[in-house]
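My looks are logged below.

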Amino acid sequence: DKWITFDIANNEETYNIEDLFDNYAVAGVDLSSTTDLTCATLLGLIDGEIQVKQMYFLPNANLDFKINDDKIPYDKWIEQGWMRTCDGSKVNYSDVSKWFMEQVQEFGLRPLWVGYDSWNAQYWKDEMESLGFDMVEVRQGAKTMSQPMKQLKGDLIEKRVNYDNNPILKWCLSNLSIKMDENENIRPVKEKTRQRIDGAVSLIDAYCVYCEHEQEYKNYIGG
């Protein structure tokens, strides 16, 4: 089953990036293998609105083939600054670490916690911890993800989530399907191989951490 409609996913509002400067955030990351995208997400609570900043990473090998095969304008998204390419045939996770460091050093946007899926991530987790980030494992299942996904859906319906009209996240949210268990707990799944959901999963990982630490986060930002 599709998780949400395009109308729920769609939010054309943008924000002033400077509102996020010198602020605390919560992060989530979805690391890819070779065919999927890698996505890093930062979310911050600004005047009751959840503002989301993302960066996507894609290997530059066979990029033209991927554009034609997926029928997706990766080249346009790279030009527009939504996506970066990594040398070679797979994403270099150190490029993700570098992006997080840029956010801290250039914009003062510091994640208090970074949610991640432990699959294939041990080296990257160690690297991030060595840079001073607090890494939080997000187990990829209904028990962990269901309630944060329901909260995120509610916030999307109410247009509380401002993702700066990011076309990649909009696409990923629209692609996301769910699997529901007998207790109506849900988890994200991908129905079709070419339908990328990585940006939505990265946001859900951030939401899992946000829900777990919500009061502590609000104490940090004085909310």
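This is a predicted model: local features need pLDDT of at least 70, side-chain atom pairs count only at pLDDT 80 or more; totals for chains, interfaces and linings use all residues.

**Entry: α6 against α8**

Two packed helices are described by the angle between their axes and the distance between the axes. I looked up both values for α6 and α8. The angle is about 100°, and the axes lie 9 Å apart. Angles of 65 to 115 degrees count as roughly perpendicular, so α6 is roughly perpendicular to α8.

Next I asked which residues of α6 meet α8. From α6 I noted Thr144, Met145, Pro148, Met149, Gln151, Leu152 and Asp155. Across from them, α8 brings Leu203, Ile204, Asp205, Tyr207, Cys208, Tyr210 and Cys211. I sorted the residues of this contact by type: 10 are nonpolar, two polar and two charged.

**Entry: the cores**

I then turned to the largest nonpolar core, which has 48 residues. Trp3, Leu43, Tyr74, Ile168 and Leu173 touch the most other members. Among the elements that give two or more residues to this core are β2 (38-46), β3 (49-59), α6 (142-157) and α7 (167-175). The most comes from α8, with nine residues.

I picked out Tyr74 and skipped residues up to four places away in sequence. Tyr74 touches Leu37, Leu58, Leu63, Lys66, Ile67, Met83, Trp171 and Arg196. I also found a second, separate core of 27 residues. Tyr15, Leu20, Met55 and Val96 are included in this second core.

Which residues of α2 are buried? I got Leu63, Lys66, Ile67 and Asp70. They sit on the same side of α2, because they cover an arc of only 100° around the axis. An α-helix has 3.6 residues a turn, so residues three or four places apart point the same way. On the other side of α2, I found Asp64, Phe65 and Asn68 exposed. The cover over the buried residues includes β3, α3 and β4 (83-86). I noted one more thing: Lys71 follows α2 and has a positive phi, near 55°.

**Entry: Val114**

Val114 is in strand β5. Is Val114 buried or exposed? Buried means under 20% relative accessible area, so Val114 counts as buried at 0%. Leaving aside neighbours within four places in sequence, I listed its contacts: Ala27, Val29, Phe100, Trp124, Met128, Phe133, Asp134, Met135 and Val136. I also checked Ser130, 16 residues from Val114 along the chain. Their C-alpha atoms are separated by 13 Å.

Methods:
Residues are numbered from 1 along each chain as its sequence is written. Side-chain values use heavy atoms; hydrogens and water are left out. A nonpolar core is a set of buried Ala, Val, Leu, Ile, Met, Phe, Trp, Tyr and Cys residues joined through side-chain atoms within 4.5 Å. Buried means under 20% relative accessible area, exposed over 50%, partly exposed in between (1.4 Å probe, protein chains only). Helices (H or I, at least four residues) and strands (E, at least two) are DSSP runs, numbered from the N terminus. Contact means heavy atoms within 4.5 Å. The arc is that of the directions from the helix axis to the C-beta atoms. Axes are lines fitted to C-alpha atoms, for helices over the stretch in contact, and angles run from 0 to 180 degrees between N-to-C directions. Angles under 35 degrees count as roughly parallel, over 145 as roughly antiparallel, 65 to 115 as roughly perpendicular and the rest as oblique. Ala, Val, Leu, Ile, Met, Phe, Trp, Tyr, Cys and Pro count as nonpolar, Asp, Glu, Lys and Arg as charged, and the others, Gly among them, as polar.
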